[in-house]
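Let's take a walk through a protein model and look at how its side chains meet. Have the sequence and the 3D view at hand.

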Amino acid sequence: MEELIECKLKLKKSPATITLISRRCTRRLGTRMWRRGANLEGDTANFIETEQLLDFEGFKTSFLQVRGSIPLLWVQIVDLSYKPQLRIINHEQTNQIYGEIVAVDLTDKHGDEGQLSRAYANEMQNLPNIRYISFDFHQICGGSNFDNLQILYDQISDIFENQGRYFLVDAEGKILEEQKGIIRSNCIDCLDRMNVTQNYFARKSLNAQLQRIGVLSSTECISMFGEVYEIFKTLWVEQGDEISLEYSGTHALKRDLVKYGKQTISGLIKDGMSALSRYYLNNFQDGIRQDAIDLISGHYTVNRNGPSPFQLTGFESFSGLYSINR
């Protein structure tokens, strides 16, 4: 499943095209509270590849990031509470197909999220070729301190450089740079905190790309060009909304942090309305929607001789780890 958003703009009077492509993995499709964590094959909920493409005067660049639910076996069963209790079942290692991985954990370090974060950190210690970075987004960036994401970037800037930050080909098709690894960002929903963080990394990468091909000097950055920067931020806001609508049924929260770098009063009101909508959808609508997704995507096959999904017991009955009649 793929979402594509494209915009055309002028960079120092020359035409350029920036495109965002988000590819959603179909192996663990679902809705916000009804699809969490990983299944027994290691497929994670809301796993999305986001690729930022730049086309400028024959040069083409690409910067790839991924997001996904924390790859453990865990669930959060809806029970009419605003934030249902989180339960960790077990863990499963996920396949590494992107080379070296930087796993950025944006979850809170207290409460249920803290429990999940600690379990995730423990599992990451056992996996090769992965560097785990813990960053409590709400604690460090709370109060609209969006610029505090620089603290996170400073922790991974060396890896960012060593991986090869992006893919670049010139007008003749010669490969000048290759991206040799990836940043995998994780949080609970992989929506709101994720959009803000991935936008920040994408901006850093775009600055490096434009400096590499000579559009910007080493002291210039895209934020110095007002109109271009506004288009870039709007592109990421729209992409965040599309991803959120598919998973949660509402627009993304924290849109103001991406667009303005701070929270506004109108933005807080919209976030509150979206949060209430999510509560209603999670508890009263998404279960039926999840059943439809499982049926359409082939994860549930109707079989008169097979067991009813309502008669299953254990983890598979409420988390959808198993497909009926694989």
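Are Phe 146 and Tyr 200 buried or exposed? Both Phe 146 and Tyr 200 are buried; here buried means under 20% relative accessible area, exposed means over 50%, and partly exposed is in between (1.4 Å probe, protein chains only).

A quick word on the ground rules. This is a predicted model, where local features need pLDDT of at least 70, side-chain atom pairs count only at pLDDT 80 or more, and totals for chains, interfaces and linings use all residues. Residues are numbered from 1 along each chain as its sequence is written, and side-chain values use heavy atoms, with hydrogens and water left out.

**Rings that meet**

A pair of aromatic rings is described by the distance of the centres and the angle of the planes. Rings of Phe, Tyr and Trp (its six-membered ring) pair if their centres lie within 6.5 Å; planes under 30 degrees apart count as stacked, over 60 as edge-to-face and the rest as tilted. Searching the whole structure turns up 4 aromatic pairs. One of them is Tyr 120 with Tyr 132, edge-to-face at 5.4 Å centre to centre and 90° between the planes. This pair links distant parts of the chain, with Tyr 120 in helix H1 (residues 111-124) and Tyr 132 in strand S8 (residues 130-134), 12 residues apart. Helices (H or I, at least four residues) and strands (E, at least two) are DSSP runs, numbered from the N terminus. Tyr 120 is buried at 1% relative accessible area, while Tyr 132 is partly exposed at 22%.

Back to Phe 146 and Tyr 200: their ring centres are 5.8 Å apart and their planes are at 90°, so this pair is edge-to-face. Phe 146 lies in the loop between helix H2 (137-140) and helix H3 (149-163) and Tyr 200 in helix H4 (residues 192-212), so the pair ties together parts that are 54 residues apart in sequence.

**Charges that meet**

Side chains of opposite charge can pair when their charged atoms come close. A salt bridge is a side-chain nitrogen of Lys or Arg within 4 Å of a carboxyl oxygen of Asp or Glu, and the whole structure has 18 salt bridges. Here are some of them:

| Salt bridge | N to O distance |
|---|---|
| Arg 23 and Glu 51 | 2.6 Å |
| Asp 189 and Arg 32 | 2.9 Å |
| Asp 192 and Arg 278 | 3.0 Å |

Asp 192 lies in helix H4 and Arg 278 in helix H7, so their pair ties together parts that are 86 residues apart in sequence. Asp 192 is buried at 7% relative accessible area, and Arg 278 is buried at 3%. Asp 189 and Arg 32 are both buried too.

**What about the cysteines?**

How many disulfides does the structure hold? The count is 0, where a disulfide is a pair of cysteine sulfur atoms within 2.5 Å. The sulfur of Cys 190 has its closest cysteine sulfur in Cys 187, 4.7 Å away, which is too far for a bond. Cys 190 is buried, at 0% relative accessible area.
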